[in-house]
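Subject: Structure handover

Hello,

Please find below the structure we talked about.

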Amino acid sequence: MSTKAIYEATGKKLLNKYLGSTAAECRCVSIDADTDWNELVAKNTWLNTERLVAKPDQLIKRRGKLGLIKGNVDLQGAKDFIQQNLNKEISIGHTNGKLKHFIIEPYINHENADEMYICIYSNREGEVILFHHEGGIDIGDVDSKSLKYSIKIDDPFDVKTMESTLLKNVSNDRRSHLSTFITKLFEIYMDLQFTYLEINPLVVTPKSIFILDLASRLDQTADYLCAPKWGKIEFPPPFGRDAFAEEAYIAELDAKSGASLKLTVLNPKGRVWTMVAGGGASVIYSDTICDLGFSHELANYGEYSGAPSEQQTYEYAKTILSLMSKEKHSDGKVLIIGGGIANFTNVAATFKGIVKALQEYRERLIEHKISIFVRRAGPNYQEGLRVMREVGSSLGVPVHVFGPETHMTAVVGMALGKRPIVAPEQSELTTANFLLPTSVNQPLTHVNEQDKNSKSSIENQSKMQNGGTMANGTSSTSTHNQENGVDKDVNRPLFTNTTKAIVWGMQTKAVQGMLDFDHVCHRKQPSVVAMIYPFTGDHQQKFYWGHEEILIPCYKNMADCMKRHSDADVLINFASLRSAYESTVETMKYSQIRVIAIIAEGIPEQYTRRMIRLAHEKGVFLIGPATVGGLKAGCFKIGHTGGMLDNILMSKLYRPGSVAYVSRSGGMSNELNNIICRNSDGVYEGIAIGGDRYPGTTFTDHIFRYENDPEAKVIVLLGEVGGIEEYYICDAIKSKRITKPLIAWCIGTCSSMFTSEVQFGHAGSHADNDGETAVAKNKALKAAGAYVPNSFDELGDLIHTVFNKLVQSGQITPKPDVLPPSVPMDYDWARELGLIRKPASFMTSIVDDRGQEVLYAGMPITEVIKEDMGIGGVLSLLWFRTRLPKYATKFLEMILMVTADHGPAVSGAHNTIVCARAGKDLVSCLASGLLTIGDRFGGALDDAAKQFSSAYDTGLHPADFVNKMRKEGQLIMGIGHRVKSLNNPDMRVVLLKQYVKEHFPTTPLLDYALEVEKITVSKKPNLILNVDGCIGVAMVDLLRNCGCFTLEESAEFIENGALNGLFVLGRSLGFIGHFLDQKRLRQGLYRHPWDDISYILPEAM
């Protein structure tokens, strides 16, 4: 949601911060059940000295008329009022709720004549200031009484115009400082991204201004712009609905994700729960549940969309299941996992997270008698549904699974016992079918069938007619002026089969989808001619055009792109919400661009309205923001619209039909493609204008285009709760501006059945008055002469009936089907679907980075950190593929410490230093040092382990082993040191031996090596067991006796060089230290001194 209400106390603190001396300070404190009164009074001493006002601060309107304000009392009086009402349940209309949050502020003694009213609100064109010189609880109808000053977005605020318009009834002794106050208030309103701000009463005396009651809303999407100015903002739930921890958790997930995750708990004791994909679909499922009489049992509203990850859907599903299983219901519970036909979300991938949660809650699902109904379609839906069916057979609860062959909301009736549970109408298509240019398995339309029977009043509806009255509804937050629409040629199509587009953003999947669509539509040339991506230099991107590979240029600079592709007139903007505004404004500098589609969701409303105004001035069609785009069947599609190729073929979007539609919801556009295809000759054009409050173009803009296009025979409108745009459609029908059959349905009918305010998935899905409800708009559309079903369930039937009547009357000749060319499936997608297999180029058994977090030998990295496994623990997982005992991992860490360095004189350190002084980089210097490790330097661990193990295992006496090695002329690896001796022991070896003896369960090979040492030092005192030998034999003891490995596995580790790896890893620490030390000391190029070199040359020849 973009616009959100804030506490009165929060709003006043914001105004305090920025109003300065233009108004008296709004002193106030917030009170709830956890408030420490003594501490509160100590911090706010004015509570003890002034008369006070106490009232609830819970977004409750008309508190004065409800008797919820206690004024002109002392602290004890305010305290008594709050304690009497705290947690008291009250009813306001149909809403019941408890009073939990209060505000106390100073009582301002004033005359009634001092009370005034002011309100600033935003609409599509700009801002409106309402002012009335009389305010207070008895003000009445402010819309009719108030004076109005409108400021178009980006126009300057004219003080003189404001004064002459608004302050004509204000006395001279108050006008000057009131004018200053309003000017500053408007500046703050715009700067802090308010969307609504009402003060009633505003007390204006000859000397000062006081803000008494305040109601305000902020544009939450502007958080990234205004967070430093706002500070920490809490957005409270509406009165009548408690804030749940689970809601806050999902909101936190949503904030951290590029996907959309929403959850509102309506009735925690309800038996009908939903887990729906898509903002539009989620509303329709709620509508259907309420239409069937289960509004009192609907437990939640929510949606997930935008391709959430497996982990995100797991967390979302787990949260809902935990709420479901808190309380039992005598009739059991129902979980509806629904959604439309996804455009780009991998259904199987999201279902994996849901399946994981279902398996985790299996026992509680059985205990609470939960039945599950699934309906979903889109990319890889076949695999997703297969997985759901498989898990259903093992859960122990009923799981019913359906795909696109079943109407989207049919599962609701099945789940609630209102219709029989039937098997799918036909066997599901396999995704591989989209490889073949055939319609054998595609659904037949009902064009030639006899009209369906329907329980609805479909057959009783007349054709388009005059008459009927427009529902009386106006909006304080949404206005419309048709003269302010885009100055465009409605007779010229937006898209043709020669349309050329530029894509902003590195969206290779979207581009490939557009090219595949072009190919099956028999386009002669690709629709995408170029890409713009400012984060790389100019280059070429490779794509497929049917069976062939082509290159599409990608530009860093928009100017270069436009200059070289002057025939492109569409730009598809995939920029993020933070950069979409700048890139769109830049695009409108180029007159060649006629259409811009803005995909990003969450663009601040001020930015959106500026783009709309600029587009109007430039004559540009804006589609979006917050949209998937649109398509013209057989010609052109925007980005991911229409989904993957199998859905495009199933919905016959590769050739034009006769039905044009416009919708707010991008997700529902695919569902409309499916419904229209099954009930007519298919889609002609479809546009999703976007779910934000202010879409770039409106329903009217596109329906007028369809009205003027002779190829569009039937128009379908999918509106929704919020705004009044649909009423302009009513006016156009009655005035004969629209004469073609128009089938309309507004989703969100459930909103009037909820006892508390619910914000749906789209930012614009919010009714500010009765006229903006879906029920009122559906009635108005029907009265105006549109075809309106009784529910979304019947929309397809109504399209079928209207279309067949037009066919029978000869007004429509159904479009013939054509055979699309084949398009090969991408290798990566075919592999994802499990249609092909090939040997992997690599295999790994230690790390898996494909999930939400990396796994070390099957152990999540979070667990590795949480259990404080340390470097030794990580080595045990990555090198030895097991979790070694604590003493073993500690020993591994000791090895790294004692082998980290042995001074700058050894060959490895020397090479590293010389290389560093030559100016080389760290990796080169490290490699230079590591390349010296071998039998003579540091590489004796493996060989020492092998020699001692072989001698011990064959039963050789230590003396015989020494003699044998001497006779064979071999050195005993791990014995001997250039500096250390029996009388000058190596403390590293002493420490290692001491630890091993103290902690290892048994040390047979170390004991054997020490016996060998006794013999060798008797010959020469420096033939001691050195650090390599000690580590080598101790590691053999560890591997053989820790209980984790067999003898064969232990030998394999040694054979593969694992022990030398410990020296390499440890010594790398020291080499890097030497590199950094030389850089820190700024040592110059090293040249070896002549006097340290013996020059032995032959005599002169």
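Helices (H or I, at least four residues) and strands (E, at least two) are DSSP runs, numbered from the N terminus. For residues 494-603, UniProt lists "domain: CoA-binding" in an unreviewed entry; its positions are given in the numbering used here, feature names are shortened, and annotations may be inferred rather than shown by experiment.

Before going further, note that this is a predicted model: local features need pLDDT of at least 70, side-chain atom pairs count only at pLDDT 80 or more, and totals for chains, interfaces and linings use all residues. Residues are numbered from 1 along each chain as its sequence is written, and side-chain values use heavy atoms, with hydrogens and water left out.

**The chain as a whole**

The chain has 38 helices and 35 strands. Its C-alpha atoms fill a box of roughly 115 × 85 × 80 Å, taken along the principal axes. Of the 1101 residues, 56% are buried (under 20% relative accessible area; exposed is over 50%, partly exposed in between, with a 1.4 Å probe and protein chains only). Among contacts (heavy atoms within 4.5 Å) with a separation of 6 or more, 74% join residues 24 or more positions apart.

**Two buried places**

In helix 18 (residues 580-587), the residues Ala-580, Tyr-581, Ser-583, Thr-584 and Thr-587 are buried. Their cover includes strand 20 (501-504), helix 17 (558-564) and helix 19 (605-618).

Arg-375 belongs to strand 18 (residues 370-375) and is buried, with a relative accessible area of 0%. Gly-338 is 37 residues from Arg-375 along the chain, yet their C-alpha atoms are separated by 4.8 Å.

**A pair of helices**

How do helix 34 and helix 36 cross, and at what angle? The axes of helix 34 (residues 987-999) and helix 36 (residues 1027-1041) come within 9 Å and cross at roughly 15°. Axes are lines fitted to C-alpha atoms, for helices over the stretch in contact, and angles run from 0 to 180 degrees between N-to-C directions. The two helices are therefore roughly parallel to each other (angles under 35 degrees; over 145 is roughly antiparallel, 65 to 115 roughly perpendicular and the rest oblique). Helix 34 makes the contact through Arg-988, Val-989, Leu-992, Lys-993 and Val-996, and helix 36 through Val-1027, Cys-1030, Ile-1031 and Ala-1034.

Regards
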